Amino acid sequence: MRASVSLWLVLATVALSAALVHGGLTGTFLPLERAIPLNQRVELEALRARDRARHSRILQGVFGGVVDFTVQGTSDPYSVGYGLYFTKVKLGSPAKEFYVQIDTGSDILWLNCMTCSNCPQSSGLGIQLDFFDTTGSSTAAFVSCADPICSYAARTATSECSSQANHCSYTFQYGDGSGTTGYYVSDTMYFDTVLGQSLISNSSSTIVFGCSTYQSGDLTKTDKAVDGIFGFGPGALSVISQLSSQGLTPKAFSHCLKGQDNGGGVLVLGEILEPNIVYSPLVPSQPHYNLNLLSIAVNGQLLPIDSDVFATTNNRGTIVDTGTTLAYLVQEAYNPFVDAITAAVSQFYKPIISKGNQCYLVSNSVGNIFPQVSLNFMGGASMVLDPEHYLMHYGFLDGAAMWCIGFQKVDQGFTILGDIVLKDKIFVYDLANQRIGWANYDCSLAVNVSMATSKSKDAYINNSGHMSVGCSHIRTFSNLLASGIAAFLVHTVFMEFPFL
């Protein structure tokens, strides 16, 4: 193994292996794996506790690699579960595959290292865990203390330096007491290149990632253990930033998370095309994906909420978080929101309080009576929520289905739009133009993906030559342009739980 790696090697552009397809070039893809749910039951309070832990990590303000995301993945009204979205990455020489959690709230890709003292040895997800072996890869290299990458990581509070070993190391300490410690390495990452209907692994790039040697807290547990975390945050050390800076992928990624049946979806390094997408600008200079939420309307009526409660400060703001299981509203917005829902349906459904949650006993479909909710953002973009996107089915009582508000109240802190809100929608993170877009969509269907750069928005792939990615399989690929797209077919692990 080489002793060091220089900045120019890490950031150098590594050309994709090209093959002509109707006059275009190849696209780059990573496959996803799915584990079928285990019959493990989890109380609602446990979900809230997990979310509180994630949010305390955000509130610490540590930039990069600090939040692990577990994503709700079903909207089945008779089986509410929570899931973990993960994919496989291929690294090293010879190449090995690793299962990594998809995390839009952190920047760093890190894997459990062979020398890890207390990393999980098995997983309740039904997958075989593996460890990255720095001595077993001929292309692996330590990031040295003198490397500019280490200096950059230190400025973002994600690294320190072990002068004895000359390794650029990191410690990510999370708000719930869990954490990970390791050191940065570089190695070759491999991609499956799409040639027409075929998949060929013939593209690669050198990237920097973490090799963790110690875990603590929840990261030591085996029930949902994976080999590491794949950070999709906006920082310069995220894989998407590294690949886009090398010209290998667009500076954008998209997802469509399926909320029905067994969940799943698609995650693409590129821009999903959908004519109904509306965009809102990102709040600049934030370590997470913050949007400017301006108002909330129920059944078309604006609620009496001061917009200042959503304004972005050091400990407030509105975050789009695909890993938070539920959704969270600050108290000043939560109370009028719940009051408006209750007023709209109380003459038809009996409101009750169950374990501190506002619930309703419903004898028929919630879509018949419950109103639509509109979250209104800067730029004129509204996110319309049907009842299934703000209600959760908590079981049955006296022969009636009990549906409860899926938003939780926070006394102070961030308003967080979790997966109950984000499911069944296309989301586009257009990092080049600092905006996020969304549109309602059936995520079991294929999606069309643009290969255009941010400076050429109309150079997309249309119906005469488009790329179509399905949520359970890749359906049609043609006329792919020069900058590669990595598409991930997303699947979920589900664990049903009762609420009563």
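**Close-up 1. Pairing of strands β12 and β13 in the predicted model.** In this predicted model, strand β12 and strand β13, the latter spanning residues 265-269, run antiparallel and are joined by four bridges. Within this pairing, H255 has L267 of β13 as its bridge partner.

**Close-up 2. Pairing of strands β12 and β29.** Strand β12 is also joined to β29, which covers residues 425-430, through five bridges, and the two strands run antiparallel.

**Close-up 3. Burial of strand β12.** Strand β12, made up of residues 252-257, is mostly covered, with six of its six residues buried.

**Close-up 4. An open sheet of four strands.** The four strands follow the order β18-β17-β23-β24, and their pairing is antiparallel. At the edges lie β18 (residues 301-302) and β24 (residues 381-385), each of which pairs on one side only.

**Close-up 5. Strands β23 and β24 with helix α5.** Strand β23, which comprises residues 373-377, runs antiparallel to β24, and five bridges join the two; for N376, the bridge partner in β24 is S382. Helix α5, formed by residues 331-345, packs on the sheet and touches both β17 (residues 293-298) and β23, with the direction of the helix making an angle of about 20° with that of β17.

Conventions
Residues are numbered from 1 along each chain as its sequence is written. This is a predicted model: local features need pLDDT of at least 70, side-chain atom pairs count only at pLDDT 80 or more; totals for chains, interfaces and linings use all residues. Side-chain values use heavy atoms; hydrogens and water are left out. Buried means under 20% relative accessible area, exposed over 50%, partly exposed in between (1.4 Å probe, protein chains only). Two strands pair if DSSP finds at least two bridges between them. Contact means heavy atoms within 4.5 Å. Axes are lines fitted to C-alpha atoms, for helices over the stretch in contact, and angles run from 0 to 180 degrees between N-to-C directions.
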